[in-house]
Amino acid sequence: MKCTVQTRLLRRYWLRIFVFLCIVSFLVMMLNNWEYQFKLRYLQAVVDNNLGRVNKMALLTSSDSKMKDTWRKSGVEGSRIFSAYLDSRPEVVLNEYPWADHNSLWALIRIIAIVDVNHRDSEFTCYYKFSSKNIEDKGSLLEAPSADVKIIADSENFGKMKYSAAFVLCKLLTKDNGELPIQITFSSSSGKKLEELSGIDFVDIHYDPKSLPSNQNKFMAVCVPTIHHKYDKHTNLVEFIEFYRMMGVNHFTMYNSSASEKVGLILEYYRSLGIVTIIQWQLPPIYKFEQTLRYNGIFAAINDCLYRNSFIGGYKYVANVDLDEFIIPKRFPNYPRMMAHFDPITKPSKDVVFIFRNSFFYLMYEDSRKPQKPINSPKLLLHRKTTRLKEINKAFSRSKYFCRGRDVVEMGNHQVWYTKTKPWFFQNGFQHFVVDPHIAALHHYRYCEVNELVCWLRDSVVDETAHRFTRELARRVVAILPQRFR
C-alpha cells in the first residue's frame, strides 16, 4: 500500500515537471517568435526607409544595363560570375544573418555564379564598387566577407560534376553617406585595392524597383534555359511562344547558347516586340556540357531568370519549362483563370509552387489522323502528337511548375528547393501544390529517353485534350511564319 502511494506521488511529481517544461517551452517559443516578428517589422521599416535610394539605383541599372550581363571572371580560380541582385526580403536576410536588426545590415546581394563544388560553404571576400571612378578615392571600393556560398539545386547535380551553379551571398554595404554600391565581385583574397583587381571583373547590381509604376505586378513570365546545340526547330519555337501567349503569359526570358539562323531571326522578331528577352549564354570552355557542369549551366540560368523577372520585371508568377514542354489546362481556358482558382487574390494560397506532372508524348508515335485547321497551317506538335504513355510521372519526376516568384529563394529544374520562411519563427517555408493531371498537366513532346524498344513496350493511350487549343494556335502561327520565316 505504501509503495502504491509513493508511486502515485512520483507520477504526479513527474507530471508536474512535464507540464512545467511544456509551459516553459511554449513561452520560449512564443518569445522567440515575438523577437522574430519584431526583427521582421524592423527590417521591413528599414527597407521602406531606403526605397528612395533603391529606386534611384534601379533607374541607373535599367534595361540597357541588364542586357550587359554575361559570364565574367571572378577572383576565385575556376569560378565565373554572371549577375547580381539585391535581396531585401526580411525573412531571407534573417535566415543568413539572425542578428540583422539594425540600419547597417538590411539586405543581401545575391550573386549568380559558377564555382568548383569544393568551394561550397567557403568564405570569399566580396568587393563593392561605388560610383566614384577615382581610384585614389578610398570610398570607391569596400570589402566584406561573404555570407555564404550555396550550391544551387545540389540534389539535381547528382554529385558527379566538378562545377556547379551557386549563390554567393554578400551583405549589402553602404558608404558613410548612405550611398549604395553599383557593382560587385568576389575573390579568394582580401585586402586588395581597386587597381589590384584589374584582372577581376565586376558585374552590375540589379536593384528591385518596388515602388516604380513599371514594377507593378504583372501576371507571368516564362523561363527557357537553355537553347543549345544549334537548336533549329523554328516552327516549334513559334508554336511554343504563341501557345503560352494564348494562355496568358506576358513575357519570355530565353538563354541562348547556340541556335540556327532562322531561330535567331524569330527570337529577334519577338525581342523587337518586347515579348522576349534574349540572354546570350556563352559559357567558358572549362565548363563542358554534362561532363564538368550540369546541362549548360541550367541552374544558374533558371535562378537568374527567377530574380530577373520577379524582382526586376515585377511578374507575380514565374514558369519553368523547356521548348518541348507545354502545360495544358484541362478545366480552364487559360492560366489567369486557373491561377485565380489555385491562388486567389482575395486569399493568397499557402502554396507558392504549383507542380504539373509530366506525361510523355513520344515523337515516334504515329500522327493523329484528325485534320488540322486552317488547312494551310504548319503541322503543330499539339495537334499531331496525341499518343502518350499511359502512366503519368509522379510529382517531382520530370515535373515543371509555376511559382510565386517573390516567395521563392532557389529554383531547380523539376521543383523549387527553397522558399522564404513563413512569418512565424517555428514554421518552415511555403508549400508545393501538386496539380491534379485531370485539371492541368505537362505535355512533353520528345524522343524516347531510353532504348526505343523499351518505350514501345510501355502502355500508351490517346490524349486529345490539347486539340481544343490548336485551331486558334494554328491561326497565330500562320500569322507569324509565312511572311517572315518560311
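In which helix is the place of Val478? Val478 sits in helix H11, which covers residues 467-484, where helices (H or I, at least four residues) and strands (E, at least two) are DSSP runs numbered from the N terminus. This is a predicted model, in which local features need pLDDT of at least 70 and side-chain atom pairs count only at pLDDT 80 or more, while totals for chains, interfaces and linings use all residues. Residues are numbered from 1 along each chain as its sequence is written, and side-chain values use heavy atoms, with hydrogens and water left out.

Val478 and Asn376 are 102 residues apart in sequence, and their C-alpha atoms are 8.2 Å apart in space. Once neighbours within four places in sequence are left aside, Val478 is in contact with Ser377 and Pro378, contact meaning heavy atoms within 4.5 Å. Another valine, Val76, is found in the loop between strand E1 (72-73) and strand E2 (80-87). Val76 has a relative accessible area of 4% and is therefore buried; buried means under 20% relative accessible area, exposed over 50%, and partly exposed in between, with a 1.4 Å probe and protein chains only. Not counting residues up to four places away in sequence, Val76 touches His119, Phe124, Phe186, Ser187 and Ser188.

We turn now to a pair of helices. Two packed helices are described by the angle between their axes and the distance between the axes. The axes of H5 (residues 234-246) and H6 (residues 261-272) come within 9 Å and cross at roughly 25°; such axes are lines fitted to C-alpha atoms, for helices over the stretch in contact, and angles run from 0 to 180 degrees between N-to-C directions. H5 and H6 are therefore roughly parallel to each other, since angles under 35 degrees count as roughly parallel, over 145 as roughly antiparallel, 65 to 115 as roughly perpendicular and the rest as oblique. On the H5 side the contact is made by His234, Leu237, Val238, Ile241, Glu242 and Arg245, and on the H6 side by Lys262, Val263, Ile266, Leu267 and Tyr270.

The structure holds 25 salt bridges, a salt bridge being a side-chain nitrogen of Lys or Arg within 4 Å of a carboxyl oxygen of Asp or Glu. In one of them, the side chains of Lys420 and Glu91 meet at 3.8 Å, N to O. This pair links distant parts of the chain, 329 residues apart, with Lys420 in the loop between strand E20 (416-419) and strand E21 (431-435) and Glu91 in helix H4 (residues 90-96). Both Lys420 and Glu91 are buried. Asp407 forms a salt bridge with Arg404, with the closest N and O atoms 2.9 Å apart, and a network of salt bridges links Glu91, Asp343, Arg404, Asp407 and Lys420.

Lastly, we look at the backbone. Most residues other than glycine have a negative phi, and most peptide bonds are trans. The peptide bond from Pro225 to Thr226, however, is cis, with omega near -20°, and Thr226 lies in strand E10 (residues 218-227). His229, in the loop between E10 and H5, has a positive phi near 50°, and His229 counts as exposed because its relative accessibility is 57%.
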